[in-house]
Amino acid sequence: MRNSSSKYSFNPNRQLFYGIALVIIVPLLVVLNSLVLVRQFNEILTREQHRQAILIGQITESLISEKIDDPNSLQSLIQETVLNNSELTDLIISKPTEDGLVIWASTNRSRIGVVEENTAAVVAIKNKRSVAQRVAEGTKQYWEIQYPVTNATQEVVALITMHLSTATIDSESGNLIFQSFMMLALIVLVIILLLASNTRLFQYTILYKRLQEIDKAKDDFISIASHELRTPITAMRNYFSLLLDGTFGKLSKKTKESVIMMNENALRLSNLVEDLLNVSRLQQGRISITPEEFDVVPLVRDVIASLQSTAQEKCLELCFDGEKGPFIVIADPVRLRQVLVNIIGNGLKYTNKGSVKTSVESDNRRVIIKIKDTGIGISAEDQHRLFEKFYRVINRKTQNIIGTGLGLWLSREMLMLMSGKVFIESIENVGTQVSISLPLGKKDLDKGSR
Ligand code: ADP
């Protein structure tokens, strides 16, 4: 027992390790994925912005080439261009002179006439190609593009300097990063919840396995105990029979009464042991069922006859109240007898006055045996649990009635092995009807439905 349970031992450390690994690895993968995506997104946006800047440079170049000598119209042109382009924050036109690069027109008018030169401008003029660089000034970030303007003889006559704000890109990628982190938090939460429920599920599995083992140990114990009890009980009953037969001499009236009582109790004990043995046989699949085709009416009548003395003791009417038959069923007659003894016996046990009547009928597929009593009945609430093993209805009316709660369970299990079914309809204080349905024998099928 101890060995088999340790096989399923729950290792909290390993669970914790897996849990932590999962909480770290999965979010890490998500972060990496998000970072790669954000980088790619930024690259695409940057390329797009660079392209846009070159385009603006080309347009501005074509526009300013004719106005290069007219600073006023040049100034209004750049003002208009900046107005139409929200990302364009600064636009400067400089002219190369002997003193250096002089600002000719600018969005910031106060800088007109100022000589200003930087490395990028020198490179752009020298190579006669546009130069773009990203500049960070405090929290402000922008692209600075230098675009040289040449005349017909390929001489640089002006330089366009543009500042393109990266605010849109930055806020877009900021949003993307924020969204990825939100997603990450959600994933971590889901993982934690999954882990929590998984651990519980795992514990339930172990618990379930342990319960199964305990249940099996209990079944094994019942099986062994019942086997061991059967022999001494049989011996006791044999001795009681010999005593009552007078084999050991004549008994006084009082002794005889006592032996009769002991014999009845031994019989009850023997029935209980037999029930318990049947339970373990059924559970271990060791019960043998030999189906055959036979008329069920004589069997029902026989069971009724065997229980007649019990009915008379309680002044109950016990009778067969159906058609003569024959009703051919496919079933094991020995097991069906056990079922009928259980169910008709219950009718007598739980009826105080009135009758227990049995009838048989059939449709074109099945034979139905109905056992109807005028007994104490069963509440709707209790009816749900009647077929549970060891279940007994305990109330004022049943408290003095002896039973094990195994009869209905055994009956249903045995019927199932014979492709049979059992149903109970009952009204408290009115009575109960138990219906047993069995497959119709071929001999009867050939005759067609009744
Ligand atoms: P028991 O050994 O207790 O009779 P059963 O499995 O045969 O066990 O029946 C289970 C319970 O169903 C009984 O305890 C009883 O309360 C109820 N029961 C069964 N048959 C009848 C009946 N004909 N009338 C009223 N109650 C019944």
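**Entry 1: terms and model**

A polar contact is a pair of N or O atoms within 3.5 Å; within protein, one must be able to donate a hydrogen and the other to accept it, and residues adjacent in sequence count only if both atoms are side-chain atoms. I am working on a predicted model, where local features need pLDDT of at least 70 and side-chain atom pairs pLDDT 80 or more, while totals for chains, interfaces and linings use all residues. Residues are numbered from 1 along each chain as its sequence is written, and side-chain values use heavy atoms, with hydrogens and water left out.

**Entry 2: the ligand**

I looked up what lies around the ligand.

A side-chain N or O atom of Asn346 is 2.8 Å from an oxygen atom of the ligand. The backbone of Thr404 also has an N or O atom at 2.8 Å from a ligand oxygen. For Val393, the distance from a polar backbone atom to an oxygen of the ligand is 3.4 Å. How much of the ligand does the protein cover? On its own the ligand has 530 Å² of accessible area, and the protein covers 97% of that (Shrake-Rupley method, 1.4 Å probe).

I then asked which elements supply the shell. Helices (H or I, at least four residues) and strands (E, at least two) are DSSP runs, numbered from the N terminus.

**Entry 3: helix α10**

I followed α10, which spans residues 407–417. Is this helix mostly covered or mostly open? It is mostly covered, with 8 of its 11 residues buried (under 20% relative accessible area; exposed is over 50%, partly exposed in between; 1.4 Å probe, protein chains only). Among the buried residues are Leu408, Trp409, Leu410 and Met414.

The buried residues of α10 pack against α6 (253–283), α8 (333–349), β11 (421–427) and β12 (431–439), contact being heavy atoms within 4.5 Å. The helix lies across β11 and β12 and runs at about 145° to β11 (axes are lines fitted to C-alpha atoms, for helices over the stretch in contact; angles run from 0 to 180 degrees between N-to-C directions). After α10 comes Ser419, with a positive phi near 60°.

**Entry 4: the sheet with β11 and β12**

I traced the sheet to which these two strands belong. It is an open sheet of 5 strands in the order β7-β9-β10-β12-β11, and its pairing is mixed (two strands pair if DSSP finds at least two bridges between them). β7 (317–320) and β11 are at the edges with a single partner strand each, so one side of each has no neighbour in the sheet. From one strand to the next, the twist averages 15°. Between β11 and β12 I found 7 bridges, in the antiparallel sense. Ile424 has Val434 in β12 as its bridge partner.

**Entry 5: the other sheet**

I turned to a second open sheet, with 5 strands in the order β2-β1-β5-β4-β3 and antiparallel pairing. Its edges are β2 and β3 (131–137); each has a single partner strand, so one side of each is without a neighbour in the sheet. Neighbouring strands here are turned by 25° against each other on average, direction ignored.

β1 (residues 88–97) and β2 run antiparallel and are joined by 6 bridges. They form a hairpin with 2 residues between them. On its pairing with β5 (residues 156–165), β1 again has 6 bridges, antiparallel. Leu91 is opposite Met162 of β5, and Ile92 is opposite Ser106 of β2.

**Entry 6**

Strand β2 covers residues 100–106, of which 6 of 7 are buried. I picked two residues from it.

Ser106 has a relative accessible area of 0% and is therefore buried. Its side chain has a polar atom 2.9 Å from the backbone nitrogen of Asn108. Beyond four places in sequence, Ser106 contacts Gln75, Ile78, Gln79, Leu91, Ile92 and Ile112.

Ala105 is also in β2, and its relative accessibility of 0% makes it buried. Leaving out residues up to four places away in sequence, its contacts include Leu74, Ile93 and Ile112. From Ala105 to Lys140 I noted 35 residues in sequence and 23 Å in space, C-alpha to C-alpha.
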